[in-house]
Amino acid sequence: MSLPAFMNRTSKLYWLLGLLCVQPVEFWDRLRNFIEGRYERIRPERAQHQPIRMETLAILLRQVVDWDLEGALQETAMRQIERQVCLLNSSSNGNRPFDPLHSADLTLARFCYAVCRTLSPNTVIETGVAYGVTTSFVLQALTQNQRGRLWSIDLPPLCPLPDQSVGLFVPQELKIKWHLERGITRRHLPGLLSRLRTVDMFIHDSLHTRSNMTWEFETVWPHLRPGGVLIADDVQGQPAFEEFVARKNPLFSATVIEANKDAAFGVALKGP
């Protein structure tokens with residue numbers, strides 16, 4: 001192990017232990033997430049689904065629900081937010097608290113923008129923010145729609161000034177439509193759903209373990225309105241998404257190849 005990597009892990013352990021006295025609930029939440037993630041690395045279970053390309057997904061959704069995703073993907077507003085996010089990503093220094101793999105692939109971000117423009121949702125929930133790539137695209141779409149709000153849940157990284165890292169790429173002018181709750185989804189999602197009652201669009205991008213993904217999908221699905229959409233990033237790591245789809249039999253489902261990283265995201269549309 002290199003010295004910088006060792007020092008980084010030591011620093012994170014130091015900050016984690018520091019939470020034990022001042023924020024014990026967050027300490028135990030983080031420890032639970034760590035143990036859950038490590039357990040699944042020891043016992044990996046790969047998903048069996050065959051992902052499709054974004055172009056194929058757009059064609060299928062046009063056939064099934066008459067969504068014109070291609071039109072939304074050509075909008076000037078989407079190209080503007082993509083340029084802005086890419087510029088911030090390239091100009092920020094490499095010593096960042098979030099691993100680069102935690103940032104959403106642009107394939108997922110573009111799809112979320114297009115769905116948001118097509119569906120015109122009132123209520124969008126996102127679990128996992130990191131620097132706010134997907135967050136920015138969704139907020140841009142909501143702004144174009146002139147309706148709707150985004151509620152996000154995220155646990156900041158273990159680092160100095162952690163809250164300043166979450167949503168770092170989100171333009172200030174878009175934040176008027178954004179509500180961010182700090183912590184893990186198991187602690188915040190039930191209360192948020194109780195307050196909002198109905199969800200039009202849900203995006204999972206938090207802890208990608210079979211247990212957590214299954215819990216989030218099952219918790220949100222009863223609140224997702226008919227015709228609403230569930231989107232889940234990094235479904236290739238284990239079978240949580242395909243098992244969920246088999247149980248719920250949605251109107252439409254697919255897994256989609258992400259262009260710039262070895263990953264796939266899942267899509268499930270709730271029927272009437």
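A residue counts as buried when its relative accessible area is under 20%. The legends below refer to a predicted model.

View 1. Helix 6 comprises residues 106-119. Of its 14 residues, 11 are buried, so the helix is largely enclosed by the rest of the structure. The buried set consists of L106, T107, L108, A109, F111, C112, Y113, A114, V115, C116 and L119. S120 follows the helix and has a positive phi, near 50°.

View 2. Leaving aside neighbours within four places in sequence, F111 is in contact with M54, L57, L61, L69, I231, F265 and V267.

**View 3. Packing of helix 8 against helix 9.** Helix 8 (residues 185-196) packs on helix 9 (residues 210-220) at an angle of about 5°, and their axes are 11 Å apart. Angles under 35 degrees count as roughly parallel, and helix 8 is therefore roughly parallel to helix 9. On the side of helix 8, the contact is made by T185, R186, L189, P190 and L193; helix 9 supplies S211, N212, W215, E216, T219 and V220. Classified by residue type, the contact contains 5 nonpolar, 4 polar and 2 charged residues.

**View 4. The buried aspartate D233.** D233 is placed in the loop between strand 5 (224-232) and helix 10 (240-248). Its relative accessible area is 1%, which means that D233 is buried. Not counting residues up to four places away in sequence, D233 touches L108, H204, D205, H208, M213, E258, K261, A264 and F265. One of these residues, L108, is among the buried residues of helix 6, and another, F265, is also in contact with F111.

**View 5. R62 on helix 3.** R62 is found in helix 3, which covers residues 54-65. With a relative accessible area of 44%, R62 is partly exposed. Its contacts, not counting residues up to four places away in sequence, are W67 and D68.

Conventions:
Residues are numbered from 1 along each chain as its sequence is written. This is a predicted model: local features need pLDDT of at least 70, side-chain atom pairs count only at pLDDT 80 or more; totals for chains, interfaces and linings use all residues. Side-chain values use heavy atoms; hydrogens and water are left out. Helices (H or I, at least four residues) and strands (E, at least two) are DSSP runs, numbered from the N terminus. The expected span of a helix is 1.5 Å times one less than its number of residues. Buried means under 20% relative accessible area, exposed over 50%, partly exposed in between (1.4 Å probe, protein chains only). Axes are lines fitted to C-alpha atoms, for helices over the stretch in contact, and angles run from 0 to 180 degrees between N-to-C directions. Angles under 35 degrees count as roughly parallel, over 145 as roughly antiparallel, 65 to 115 as roughly perpendicular and the rest as oblique. Contact means heavy atoms within 4.5 Å. Ala, Val, Leu, Ile, Met, Phe, Trp, Tyr, Cys and Pro count as nonpolar, Asp, Glu, Lys and Arg as charged, and the others, Gly among them, as polar.
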